[in-house]
Amino acid sequence: MAATLRDVTTYDLKLAAPLAAGFVLFFVTPLVILLALSFQTDPQGGHYGLSQYVNFLGDRFSLGVLGSTLWLGVKVTALTLLLGYPVAWLHQRSPGWARGVIMLFVLLPLLTSVVVRTFAWVVILGRQGIVNASLSWLGLIDTPLKLLYTEGGVVVALAQVQMPLMVLPIITALSRIDPNLADASSVLGAGHWRTFRKVILPLSLPGIVAGCLLTYAAAITAFITQSLIGGGQMLFMPMYIYQQASTLQNWPFAAAISIVFLVAVLVVVSIFNALGRLSRGYANA
Amino acid sequence: MVSASRNGPASQRGQTLLLDGITQRYGTSLAVNEVTLDIRGGELVALLGPSGCGKTTLLRIIAGFLAQTKGHVMIGGQSVDGLPPNRRSVGIVFQNYALFPHMTVAENVAYGLDARGVDRATQRSEAQRMLDMVKLGHLGERTPRQLSGGQQQRVALARALAVNPSILLLDEPFAALDKNLRLDMQIEVKRIQRLSGITTILVTHDQEEALSMADRVAVLSQGRLEQFSPPTEIYDAPDSLFVNTFVGSANLLGGVLVDCDRTAGRVRLDAGGMVETRAPKGDLRPGARVTVCLRPEHLSVDPAATDVDTLNGVVEMGLPLGATVVHEIRIGDGSAVKVSEPRIQRAELLAPGTPVRLAPVAPRLASVFAAA
């Protein structure tokens, strides 16, 4: 049922027009302005050239920020997948009422403000926080561990905050798998692990790829969580852009690193997509 | 197990399957109630019944997807109670085939061999051999979705048989096929089952399918085993009113048992007339209220004569159905009776309104049960 451009009616176009107009006005136009701005050679304007890009790509500090941001996304995505898949699996295997409860817990983070959630993590991870208090009460540590303002802290907090983005697509993918397939596999002599590896996992790949994409994109651009949990010592791209634009008023450089960031993210996203296509797991018809 | 399959399935004799007092309880309801079936090696047994009769539950218990509340499952004399499905040596063909959509046809067929640690080369040759057996040897590299329903079913059958299971379970395997293809596949499955000699359980709600394919049919109703007999016996000598009405069609006539012995009985019908019946089922004594079951082909219509002490009626409608003619007759107590006769014997339809006399074509065809 592949739709072609021919199938689009004028009604479809008219119905889509308001959103399209908004999209052009508030997304495409600023993006074009951003692109133009990034080619200005100095903040006062005037000359155009590639100097901002040359500055960024020639600067080890800037490249380091970009690299650590992309790497942060990978770590968060991996952790979210590792923790999220079992939750989605549990949801799939549970009776009706339990599914509702699990779904509520999965969606709960989305119902609170990201600022509130992030401050909760500040309280949990702080020197006198819940984790340190529990560990010292158990006698496992003498002095409080440094959890807040560490990359590990950022990864854990981001993983929790982005969990619904991973779990929901995987639940959708798992629910589309015919339960008879697992039965067929086990009758043919496969144990639970083989059934999971050979049947369930490949068939849930579309959900995994979608979940990873969403989580990755959300994690690397999560300005608030990165800044509050990471503190001043760790610099990631969103904060870097903010500093250049707001504090240093260097708009052309801020624009240039935004564009570089955008391209870098697109590259990572295409790699994800290609991986998804390479694996032969497709959702059931 | 693998070495046995290399010898070819024809050399293998089917394993026996014993279901011993199987009971399955869901909360307070009994899905299966004390069902005992002793199935011979190489036999094809159909589990027949309306939906909710417990036949699918029984299948899931044999496969090991469900642990029965009570009773034992023995395959080849060995108890398999407590064994998980992957260690029971059964094969299943599901109603929707349940082929793995992300694997090729050949990979699907080789899946069970792979799970048993068979080396790649043997997997390939065995899968090819099984596909050749179901006449799909040339389609190994396709994906299941590129195949028609009938082809997918053959692949499912090849996949189930590739691991040389002791028992083959077929779960409503023909329900998704259209009518012409269904008959072809029924013949094909029967052929392969004969060829491999594998003990086979066919779950179905389709009585024609059960009667035509099975060596013996187990009729189930509300979790209970109603009758376990060869198809002709199920049809000709039903053990219960349920079996009589579920398998084939039956005219139910009220009456009073006049006398009976071990081989026959006589019933005076409420609508008039006396019929000679088979021996009544259950503990019935003369004078008891009974229900007489007469199949449409057990009766003939005689327009010439009516009498006071015969089963009389009036023709409501006549339908020519190819080889047979069916008349619907309104009888004395107001109920309708269907009569089916060969066209050779009755070329002309009887006009509506014709008064007729109904008589059994032979004595002792009717079954008698206690009145419901």
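Tutor: A residue is called buried if 20 or more other C-beta atoms lie within 10 Å of its own, exposed if 12 or fewer, and partly exposed in between, the C-beta atoms being placed from the backbone. The model is a predicted one, in which local features need pLDDT of at least 70 and side-chain atom pairs count only at pLDDT 80 or more, while totals for chains, interfaces and linings use all residues. Residues are numbered from 1 along each chain as its sequence is written, and chains are lettered from A and ligands numbered from 1 in the order in which they are written.

The C-alpha atoms of chain B fill a box of roughly 80 × 45 × 35 Å along the principal axes. Its secondary structure comprises nine helices and 20 strands; these are DSSP runs numbered from the N terminus, with helices (H or I) of at least four residues and strands (E) of at least two.

Chain B is assigned domain 1 (2–89 + 163–241) and domain 2 (249–370), with bounds that come from an automatic or database domain assignment. The centres of domain 1 and domain 2 of chain B, taken over C-alpha atoms, are 35 Å apart. Five residues from domain 1 of chain B and six residues from domain 2 of chain B take part in the contact, where two residues are in contact if their C-beta atoms, placed from the backbone, lie within 7 Å. On the side of domain 1 of chain B that touches domain 2 of chain B, three residues are nonpolar, one is polar and one is charged. Here Ala, Val, Leu, Ile, Met, Phe, Trp, Tyr, Cys and Pro count as nonpolar, Asp, Glu, Lys and Arg as charged, and the others, Gly among them, as polar.

Chain B also meets chain A, with 20 residues from chain B and 20 residues from chain A in the contact. On the side of chain B that touches chain A, strand E6 (90–93) and helix H3 (105–115) of chain B each supply at least two residues. That side of chain B has 13 nonpolar, five polar and two charged residues.

In chain A, helix H4 (residues 96–111) has 16 residues. None of the 16 residues of H4(A) is buried, so this helix lies largely in the open.

Conventions:
The expected span of a helix is 1.5 Å times one less than its number of residues.
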